[in-house]
Amino acid sequence: MFRIGTGSDTHRLVEGRPLVLGGVNIVSDRGADGHSDADALVHAIADAILGALCEGDIGVHFPDKDPQWSGASSLELLSRVMWLVRERSLHVVNVDSTIVLETPRLRPYVDTMRANIAEILGVDPGCVSVKAKTGEGVDAVGQGLAVTAQAAVLMESN
Ligand code: MG
């Protein structure tokens with residue numbers, strides 16, 4: 001049996017916050033606003049997995065009003081989502097994802113993001129695709145006001 005899911009996430013970019021994507025601290029003069037570490041890529045992947053399970057989204061499982069998740073590493077949230085996957089006797093086949101961020105360029109960080117995510121998902125980094133694009137100066141992302149990410153995940157029964 002296969003299950004497929006998609007996820008997307010957007011965070012506003014503000015001064016005085018770290019920019020964390022795929023569990024990597026990105027050198028940037030602005031970071032993503034949010035309750036946890038605001039890692040839009042990991043949030044999109046977690047939502048894709050929860051979607052494949054028909055288990056709602058990360059807001060249901062990790063409410064932003066719960067102080068337990070204040071400043072939390074999103075990789076920790078993702079590892080908790082993986083408990084649900086394993087409970088269902090499923091495993092991840094592959095992930096494809098895209099980050100849209102105007103600046104800085106993310107290519108130097110992509111392989112570390114893939115390794116971080118693959119480790120949590122229990123797959124080879126060759127099964128985790130992370131693509132990085134800009135917004136071409138168009139809309140809020142293109143104007144550097146936000147970061148957004150999309151993800152798709154395929155899972156299979158053990
Ligand atoms: Mg988010």
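**Exercise 1. Helix 3 against helix 4**

Leu-75, Leu-78, Ser-79, Met-82 and Arg-86 of helix 3 touch Asn-116, Ile-117, Ile-120 and Leu-121 of helix 4. The model is a predicted one. Classify the residues of this contact, then describe how the helices pack.

*Solution.* 
- Step 1: sort the residues. The contact of helix 3 with helix 4 holds 6 nonpolar, 2 polar and 1 charged.
- Step 2: Two packed helices are described by the angle between their axes and the distance between the axes.
- Step 3: apply them. Helix 3 spans residues 74-87 and helix 4 spans residues 107-121. Their axes come within 9 Å and cross at roughly 35°.
- Step 4: The crossing of helix 3 past helix 4 is right-handed.

**Exercise 2. The magnesium ion**

Find which protein donors the magnesium ion has, and how the donor residues are spaced in sequence.

*Solution.* 
- Step 1: list the donors. They are Asp-9 (OD), His-11 (NE2) and His-43 (ND1). These lie 2.1 to 2.2 Å from the ion.
- Step 2: write the spacing. The pattern is D-x1-H-x31-H.
- Step 3: check burial for Asp-9 and His-11. Buried means under 20% relative accessible area. Asp-9 has 18% relative accessibility, so Asp-9 counts as buried. His-11 has a relative accessible area of 11%, so His-11 is buried.

**Exercise 3. Backbone exceptions**

Locate the cis peptide bond.

*Solution.* 
- Step 1: the cis bond. Thr-103 and Pro-104 are joined by it, with omega about 0°. Pro-104 sits in the loop between strand 5 (90-100) and helix 4.
- Step 2: Ala-38. This residue is not a glycine, yet its phi is positive, about 60°.
- Step 3: Cys-54. Phi is positive here too, near 55°, in a residue other than glycine. The cut-off for exposed is over 50%.

**Exercise 4. Cysteines**

How many disulfides does a search of the whole structure find? Assign Cys-127 to an accessibility class.

*Solution.* 
- Step 1: the count. The search finds 0 disulfides.
- Step 2: the class. Cys-127 has a relative accessible area of 27%, so Cys-127 is partly exposed.

Methods: Residues numbered from 1 in each chain as written. Predicted model: local features only at pLDDT ≥ 70, side-chain atom pairs only at ≥ 80, totals over all residues. Heavy atoms only, no water. Disulfide = S-S within 2.5 Å. Buried < 20%, exposed > 50% of the residue type's maximum accessible area, 1.4 Å probe, protein only. Axes fitted to C-alpha atoms, helices over the stretch in contact; angles between N-to-C directions. Helix = DSSP H or I, 4+ residues; strand = E, 2+ residues; numbered from the N terminus. Left-handed = near helix turned anticlockwise from the far one by under 90°. Contact = heavy atoms within 4.5 Å. Nonpolar A, V, L, I, M, F, W, Y, C, P; charged D, E, K, R; others polar. Donors = N, O, S within 2.8 Å, 3.2 Å for Na, K, Ca; no water.
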